[in-house]
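Colleague: Could you walk me through this model? I would like to start with the metal and then move on to the rest.

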Amino acid sequence: MKEGILDALKAAYRLNAENLSIERFGSGHIHKTYRVLAGQNSYILQEFNDQVFRFPERISGNHQLLMDHFDPEDLPFALPLPVANRDGAFFTRLDGGLYRLFPFIKGVTRDAIAEAGQANRAAEAFARFVLVFLQADAERLQDTIIDFHNLEKRFEQFDSARRTPQVRLDRTTKKMISVYDSRRDLLEKYLNYKKELPLRVTHNDTKINNLIFSENMDRVNALIDLDTIMAGFVFYDFGDLVRTVACTHDESSLDWDSIQVDMDKYSGLLEGFYTVLGGQMHARELASLPYGGEMMTLIMGLRFLTDHLNGNVYYQVHYPLQNLHRAQNQAALLDALIGKRGEIQVLESKLKQKITR
Ligand code: GN1
Ligand code: MG
């Protein structure tokens with residue numbers, strides 16, 4: 001954090017405290033996040049990544065649109081929006097960077113989850129988010145990142161990165177290129193769903209560390225990282241949860257040879273979505289959920305590999321090969337998910353019977 005930022009921040013948000021203290025916080029890959037202590041008060045400060053989010057005003061516009069149509073009382077957890085600065089704005093330009101301040105919500109975040117009950121609570125929270133806005137006209141939301149989950153466009157970006165790689169194509173990189181290349185059958189499915197499913201208000205970044213749980217993990221206190229709320233398919237939100245919860249190792253693990261699907265947690269997730277959204281969505285939407293697990297794992301792996309080929313220009317990395325390793329990890333998870341299609345179908349039938357009974 002640059003010198004002088006804290007003083008500027010104090011002025012911009014009229015923070016009445018002698019001393020501010022600040023430390024890095026969380027494990028997000030895009031913005032730089034800090035926890036700020038200002039006397040008795042605690043905040044989250046974010047150095048906003050406007051290379052990734054090129055239209056910050058669209059984020060505020062989307063949030064405004066949703067707040068106009070929805071009553072926070074309808075959700076059993078908080079959706080923390082930024083604090084307005086002394087000019088009434090949600091973004092503050094300080095020394096060339098763009099910053100936001102959020103109220104600090106007490107609780108814990110996790111990159112992985114310990115048991116199926118917690119998976120179920122996480123899924124119910126994300127499903128409730130979709131449910132609350134189900135009647136909203138999702139197409140009035142603006143795209144805060146264009147083609148964010150557009151699998152076709154992500155394959156095009158991958159193809160273009162392959163043509164002009166910024167890194168040496170060693171054996172592993174070549175192997176990963178061919179692994180991801182061979183998954184275009186999932187793109188065909190995507191294009192079919194695109195023709196038939198309705199767009200909903202979706203969160204689009206439902207990785208598990210975007211929930212704040214109570215200390216003992218028995219309830220969800222808040223749903224965070226609201227920048228990617230846009231029109232999307234419900235399977236995106238189910239899918240990113242599968243990717244980050246229903247696996248035996250999280251996306252940063254290097255032990256990809258041991259990655260398996262955790263079927264108890266998977267079942268907890270599916271049950272959470274069925275319980276909240278089962279009677280509310282079209283049957284085809286409900287049936288598309290398992291595809292989301294595969295598609296979101298594929299798209300993240302593809303984006304990690306593309307970023308590796310581009311020389312790590314998008315995601316924050318702790319070491320040069322990290323994006324390649326993330327792509328290897330996601331490829332293994334995708335394999336494991338595809339291997340579980342039969343078991344997942346059995347699970348779906350059971351749950352369907354349960355909700356129609
Ligand atoms: C990014 O910001 P964070 O870490 O929650 C990314 C997601 C990916 C995720 C992979 C705006 O999310 O799409 O799923 O990393 N967000 C953006 O871990 O690209
Ligand atoms: Mg995050």
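Modeller: Happy to: the magnesium ion (ligand 2) is held by Asn210 through OD1 and by Asp225 through OD, at 2.2 to 2.3 Å. Donors here are N, O and S atoms within 2.8 Å of the metal (3.2 Å for Na, K and Ca), and water is not among the atoms, so sites may look incomplete. This is a predicted model, where local features need pLDDT of at least 70 and side-chain atom pairs pLDDT 80 or more, while totals for chains, interfaces and linings use all residues. Residues are numbered from 1 along each chain, chains are lettered from A and ligands numbered from 1 as written, and side-chain values use heavy atoms, without hydrogens and water.

Colleague: Is Asn210 buried or exposed?

Modeller: Buried means under 20% relative accessible area, exposed over 50%, and partly exposed in between (1.4 Å probe, protein chains only). Asp225, at 25%, is partly exposed. Asn210 has 4% relative accessibility, so it counts as buried.

Colleague: How far is an oxygen atom of ligand 1 from a side-chain N or O atom of Tyr314?

Modeller: Tyr314 is one of the closest of the 17 residues around ligand 1, counting heavy atoms within 4 Å. The distance is 2.5 Å.

Notes
A polar contact is a pair of N or O atoms within 3.5 Å; within protein, one must be able to donate a hydrogen and the other to accept it, and residues adjacent in sequence count only if both atoms are side-chain atoms.
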